[in-house]
Amino acid sequence: QLQLVESGGGLVQPGGSLRLSCVVSGFSVEHFAIGWFRQGPGKEREGIICSSGYEASTTTAHVAEGRFTTSRDKPKNTVYLEMNSLKPEDTAVYYCAAAWDKSGSLHGCDNEYNYWGQGTQVTVSS
């Protein structure tokens with residue numbers, strides 16, 4: 001069974017940085033597209049940054065360009081979201097999600113992500 005568990009959220013001041021982790025169990029992250037999504041209070045869920053299987057491609061939302069990056073640690077089977085220059089509007093519950101993508105063909109965040117983590121709260125406030 002594929003499971004994803006996010007961690008690393010918390011309270012950070014504007015302009016600060018935070019790194020979220022998504023530990024994947026059951027299958028290798030290499031064969032999956034991994035997306036990071038967030039949902040702020042009273043807002044719809046939005047894709048932030050998504051990478052295809054084998055990290056063949058990465059798509060970053062405009063709101064995250066130049067500030068957020070994602071990476072994978074295969075030995076730890078963990079995906080990271082590094083967030084820099086955080087703003088109050090970044091406050092949200094952040095989720096990682098996975099979609100089978102052994103071919104590395106999935107691009108962008110507008111795909112069917114079948115597996116989801118429980119989310120981790122990020123609050124940006126002074």
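Which residue forms a salt bridge with R67? Select R67 together with D90 and you will see the answer, for D90 forms a salt bridge with R67, the closest N and O atoms being 2.7 Å apart; a salt bridge here is a side-chain nitrogen of Lys or Arg within 4 Å of a carboxyl oxygen of Asp or Glu.

Before going further, note that this is a predicted model, in which local features need pLDDT of at least 70 and side-chain atom pairs count only at pLDDT 80 or more, while totals for chains, interfaces and linings use all residues. Residues are numbered from 1 along each chain as its sequence is written, and side-chain values use heavy atoms, with hydrogens and water left out.

**The charged network**

Strands, numbered from the N terminus, are DSSP runs of E with at least two residues. Both D90 and R67 are buried, where buried means under 20% relative accessible area, exposed over 50%, and partly exposed in between (1.4 Å probe, protein chains only).

The structure holds 3 salt bridges, and bridges that share partners join R38, E46, R67 and D90 into one network.

**The nonpolar cores**

Next, select L20, W36, F68, L81, M83 and Y94, the residues with the most contacts inside the largest nonpolar core, which has 25 residues. Such a core is a set of buried Ala, Val, Leu, Ile, Met, Phe, Trp, Tyr and Cys residues joined through side-chain atoms within 4.5 Å. Strands that each supply at least two residues of this core include β3 (18-25), β4 (32-39) and β9 (92-100). Apart from this core lies another, of 7 residues, among them A33, F37, A99 and C109.

Centre the view on M83, which, leaving aside its neighbours within four places in sequence, is in contact (heavy atoms within 4.5 Å) with residues including L20, R67, F68 and Y94.

**Rings and charges**

Show the aromatic side chains, among which a search of the whole structure finds 6 aromatic pairs. Rings of Phe, Tyr and Trp (its six-membered ring) pair if their centres lie within 6.5 Å, and planes under 30 degrees apart count as stacked, over 60 as edge-to-face and the rest as tilted. F37 and Y113 form an edge-to-face pair, 5.3 Å centre to centre with 75 degrees between the planes. F37 counts as buried at 7% relative accessibility, and Y113 counts as buried at 8%. Elsewhere, ring pairs link F27, F32, W100 and Y115 into a cluster.

Finally, select R45 with W116: the charged end of R45 sits over the ring of W116, 4.1 Å from its centre. A charge sits over a ring if NZ of Lys or CZ of Arg is within 6 Å of the ring centre and within 35 degrees of the ring normal.

Notes:
Helices (H or I, at least four residues) and strands (E, at least two) are DSSP runs, numbered from the N terminus.
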